[in-house]
Amino acid sequence: MVMSHKWQAATSPSRRQFMKVAGAAGIAGLAGCSGGSGGSSDGTVTFWTLFSGGDGEAMKALVDKFNEEHDDVQIERERQPFDQYYDKLFTSMTGGDAPDLAVFHTTEIQRFTDALTPLGGMLSDGSADAYVDSILQETKFDGDRLALPLDTHPNGLYYNKDIFRDAGLDPESPPTTFEELKTVADTITAETDKQAFSPDPYNRFFVRQFIAWQNGRGGDFLNEDNTEAKFGGSDGVALAEFYHDITNEWNWDQADSTADRGTKAFRSGDLAMTVNGTWFFGVLQEQDYDWGMTKPFVAPGQSQSMTWANSHTLGVPNSSSNQQAAVKAAEWLTQNSTIWGTDAGHLPAAQGILEGDELQSATVWDKTLSTFSEMAQDGQLAYMPSTENNEAYKRPVNQAISQIYSGQLDPEEGIKQAASDVTKNLQG
């Protein structure tokens, strides 16, 4: 199973750019159904996805099942290369050759709001009540429901039970607070030759859990209209010092921000604890050691319990000529998504699936999804802001924390500079 589908492309055309290009192309359908050439009106729904590996196989199985059960509508699934996905989707939606249905990460929807069909009046009776509310709310922009959620894929705290045993720790009692994390990690460092803890095993996505832990301290990451950074104060500095001390004071991990170093160490059994998403289940099922997962509320100063999350959602481009069929397909795929949980390891967004015997009797439910479900039901998911260009805030924060983690940058200086850079980017 590959992880590449969890992060967004480096280039990110903004909504402003979208409208400029669309206007130049003369696309009349941005305000409604235009009958673009990319869709089909013969009962075939063209469906763009970005899934590969285990996710790709699970989505193929889900689409095949839909096609077996429906005669009037058939889904034609087209997998696009992930690194090019949003750029290709942008081009198709401004050039009149968009698919009928497409996958959007929740945090990417903002860039496409003017080219997505509001779904409110097209949904079946009761459909709007079929999903976990905290997940569904992330698909609404300026009062319009622009997509249906397939899942949520939050972060959890994964830990190696064998290393816990070697350190003389109870393998069924992972840390649940910062104080417990400190005790456990210090013990592992003292009693074994293993690395104790990494907050981002990829060393590329520090901003994800940083936002969640910032919210957990009662602070805001951005202001209400996403025009100014709010993390440069005492809460952000405290978290920056936490990242610094993990490697430079407590020696829980190496002061080395090489990409993917932590995930390789955890997979090989050399790292005791790390923060990672739902997709990690499939990876760990292939390992030969005993592992567990718990809620990742282990940063200092947490007054609220929050973890990073994102969602895969399904949206219908305005230029689709087959919108009602696309909506029908989107409803079915998102509300019959047991395979997406059992095979891909993500938490389905449909309440009925979460309560179903098939999912709850699966190994993945006991190992991870029951815990992820509790966090979703309790409103403990922190989604990153959806802006016209998410790189405006992601890049400065990731770079600053990476340098703080590796000991190249003072934590207070680094996080304050990142906040300044983010504000300039958002207002530029």
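Of the 428 residues in the protein chain, 61% count as buried, a term that here means under 20% relative accessible area with a 1.4 Å probe and protein chains only. The model is predicted, so local features need pLDDT of at least 70 and side-chain atom pairs count only at pLDDT 80 or more, while totals for chains, interfaces and linings use all residues. Residues are numbered from 1 along each chain as its sequence is written, and side-chain values use heavy atoms, with hydrogens and water left out.

**Overall fold**
- The protein chain has 17 helices and 15 strands, which are DSSP runs (helices H or I of at least four residues, strands E of at least two) numbered from the N terminus.
- The radius of gyration, taken over C-alpha atoms, is 22 Å, close to the 22 Å that the globule rule gives for 428 residues, so the protein chain is as compact as a globular protein of that length; the rule is 2.2 Å times the number of residues to the power 0.38.
- Along its principal axes, the C-alpha trace spans about 65 × 50 × 30 Å.
- Among contacts (heavy atoms within 4.5 Å) between residues at least 6 apart in sequence, 78% join residues at least 24 apart.

**The five-stranded sheet**
- An open sheet of mixed pairing is formed by five strands in the order β2-β1-β3-β13-β6, where pairing requires that DSSP find at least two bridges between two strands.
- Its edge strands, β2 (74–79) and β6 (148–149), each pair on one side only.
- Strands β3 (residues 101–105) and β13 (residues 312–315) run antiparallel and are joined by four bridges, with His 105 standing opposite His 312 in β13.

Note on methods:
Buried means under 20% relative accessible area, exposed over 50%, partly exposed in between (1.4 Å probe, protein chains only).
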